[in-house]
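Q: I would like to learn how to read a structure of this kind, starting with the places where its parts meet. Could you take me through it step by step?

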Amino acid sequence: MDALGQSGTVLRIAVVTAGVSDPSSTRMLAARIAEQSLGAVEAAGAAGEIQFVELAPLAVDIARSVTSRLTSAALEEAIATVAAADAVIVATPVYKAGISGLLKSFVDVLDEDLLIATPVILSATAESSRHAMVLDGQLRPLLAFMRALPTPTSVFAAPEDWGSPELSARVRRAATELAQMLISRVGERITDATWAQHRHGFAGRAVRAERSTDLDFDTDLMRLATGGGASHPAGGQLH
Amino acid sequence: MQFGIFSVSDVTRDPVRDYTPTEAERIDALVQIAQRADEVGLDVFAVGEHHNPPFVSSSPPILLSHIAAVTKQILLSTSVTLITTNDPVKVAEEYALLQHLAKGRTDLMVGRGNTVPVYPWFGKDIRKGLHLALENYNLLHQLWRQDVVDWEGEFRTALQGFTSTPRPLDDVPPFVWHGAIRSPEIAEQAAYYGNGYFANNVLAPNFHFVPLVNLYRERFEHYGHGTKEQAIVGLGGQAFLARRSQDALDTYRPYFENAQIYGMNSSLEEYKELTPMSVGSPQEAIDKTMTFREAFGDYQRQLWNVDLGGLPVEMALEQVELLGTEVVPVLRKEMAARRSPAAAEAPTHASLMREKYGDAAPRRPRPSANRGDNVTGTSPYRDGDPAYRPNYPQVG
């Protein structure tokens, strides 16, 4: 697959939203970004689709997964949607000077390699523009830990932004950045080139993890597992 | 196929009676539970190793050697023996001595342990936990198979001309299981040596360990010990049973809800759906256990935990009886009926003897006269290889 759009591939954009009210301004912002992103992808000749992952209905499942390692079928499905996505739009309300704990807990239960080099738009809503740095000061480092690829532009919306054309301009810019990342396949190329250099849990949920049952048996630990060691040749024999 | 029970030896307040047993009472209870398991015909009793309260089993070989003396047929094992923080030399010595005292009714399961502070208490670094587990087992394996061992590794003092005594019973080392958590390296080590691989199968979603067990099976075949289907797999589980399903739920609920280990955010009903835990009638436990075989393939050992979380000893004993009289006899038939003829039997001392010697007489080493050291000369055993020469340390 070199030129997107010729291959018939549909680019999957997952929208993870931590808004809790109905209607939720966080979800509305995320939807706007998603539509713009889809438009930008399609303008470049590729096909895309949007899948929403609403965290509020999963709140209890997420908390249980954090405390007991048990993941409900609904939460597994949400994680699988994110794992399979070509790009992710993350949207959170700001609470008490920080991102929603629900979003952080959701990220806490993701496999560490689930978002490697995945293009991501960061977005947030807040009741005051004084929270604007929460995105770049707090959410961006979280996605950096996940080795994701946040777009240069984040989208923050305080009440006064909703009537401002500048918000639409920022949404368009972030969407364009995301589309460029997708069309250039930069994330996929980075992943192809570096996947083996990252730490992976065995049989994890990352889409590539399933392929990686072709484990590397040529490591120090694997040699140690088979009787080798610092001063013992591998397979030094004892039966 | 073997069926039995395993305990972590926790001393937990009984939330129903508001009573916390003394350590002495809990130790007695463990012995009683093992005896009852022996009486009702279960095949295996295993106990864990812990070095912090509220656990009492800091030394499984001591506990098991006593249990060996007061039981008749049951095989005694561990769940697990810490291969990371113990000196593998002591493990080799103690479990070989136990094997003699138990007349071969013993094996062991090695694992890493997950209590972070235990590592520094024994002078080890948890960040090296996997390295320690792998290297220490390599040494243990060698100590039980060579009378005289020269060894150099990363984690313990080098050995020159060392003999672990006593030699294993009939010169057949205790069978070893490797406890699975998440590392493919442990599956690889179990497969490389042709040892058993045990997934505790508790505190995790149903069938969570299937990918690791399948990896072990593939590598077992890769190393030529047999086909994938012939690999030696063990599974854990948990059970609380009553003749009527609702009685089991009602009786067990306060213990479940009091146990932090279950996360305290799931209902008992959800937990028993999502995990391998059986709470209900004997038939429900039978049905659930049969699903393990469906998912993991034919396997050799099934252990249940029946005494966690403050259950009074009378209740734990009743669980052992229900397993022994109503669950296991049915499972033996059902598992046998579905079993592939190629599947291996669970290894025992008798089967390992047959494998090593056939009809020939086993080797029973007799030491030569004491030389006062273990470094010079040939083998310290009368039937030793006279050609053996130690690899002397280089000094200066």
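This is a predicted model: local features need pLDDT of at least 70, side-chain atom pairs count only at pLDDT 80 or more; totals for chains, interfaces and linings use all residues.

Q: Which residues belong to domain 1 and which to domain 2 of chain A?

A: The domain assignment places residues 10–202 of chain A in domain 1 and residues 206–239 in domain 2. Taken over C-alpha atoms, the centres of domain 1 and domain 2 of chain A are separated by 37 Å, and nine residues of domain 1 are in contact with seven residues of domain 2.

Q: How should I read charged pairs, and how many salt bridges does the rule find across the interface of domain 1 and domain 2 of chain A?

A: The general idea is that side chains of opposite charge can pair when their charged atoms come close. Across the interface of domain 1 of chain A and domain 2 of chain A, the rule finds one salt bridge. R208(A) and D192(A) form a salt bridge in which the closest N and O atoms are 2.7 Å apart. On the side of domain 1 of chain A that touches domain 2 of chain A, α3 (73–84) and α7 (186–194) of chain A each supply at least two residues, and α7(A) gives the most, with three residues. That side of domain 1 of chain A divides into five nonpolar residues, one polar residue and three charged residues.

Q: How is the size of an interface expressed, and how much area do chain B and chain A bury between them?

A: The size of an interface is often given as the accessible area lost when the parts come together. For chain B and chain A the buried area is about 2600 Å², with 66% of it on carbon and sulfur atoms, and 35 residues of chain B are in contact with 23 residues of chain A. Within chain B, the residues that lose the most area to chain A are Y192(B), N265(B) and L274(B), which together account for 18% of what that side buries.

Q: Which side chains meet in a salt bridge between chain B and chain A, and which helices of chain B supply residues to the side that touches chain A?

A: Across the interface of chain B and chain A the rule finds one salt bridge, and the side chains of E270(B) and R64(A) meet in a salt bridge at 2.7 Å, N to O. The rule also finds four residue pairs in polar contact across this interface. The helices α5 (129–143), α6 (184–193), α7 (210–222) and α9 (268–274) of chain B each supply at least two residues of the side that touches chain A, and the largest share, seven residues, comes from α5(B). By class, that side of chain B has 16 nonpolar, 11 polar and eight charged residues.

Q: Where in chain B is the residue V80(B), and what is the peptide bond from S79(B) to V80(B), cis or trans?

A: Most residues other than glycine have a negative phi, and most peptide bonds are trans. The peptide bond from S79(B) to V80(B) is cis, with omega near 10 degrees, and V80(B) has its place in the loop between β3 (75–78) and β4 (81–82) of chain B. A cis peptide bond also joins T165(B) and P166(B), with omega about -10 degrees, and P166(B) lies in the loop between β7 (159–162) and β8 (176–180) of chain B. In chain A, R185(A) has a phi near 60 degrees, a positive value in a residue other than glycine, and R185(A) is found in the loop between α6 (165–184) and α7 of chain A.

Methods. Residues are numbered from 1 along each chain as its sequence is written. Chains are lettered from A and ligands numbered from 1 in the order in which they are written. Side-chain values use heavy atoms; hydrogens and water are left out. Domain bounds come from an automatic or database domain assignment. Contact means heavy atoms within 4.5 Å. A salt bridge is a side-chain nitrogen of Lys or Arg within 4 Å of a carboxyl oxygen of Asp or Glu. Helices (H or I, at least four residues) and strands (E, at least two) are DSSP runs, numbered from the N terminus. Ala, Val, Leu, Ile, Met, Phe, Trp, Tyr, Cys and Pro count as nonpolar, Asp, Glu, Lys and Arg as charged, and the others, Gly among them, as polar. Buried area is the accessible area (1.4 Å probe) that two parts lose on being put together, summed over both. A polar contact is a pair of N or O atoms within 3.5 Å; within protein, one must be able to donate a hydrogen and the other to accept it, and residues adjacent in sequence count only if both atoms are side-chain atoms.
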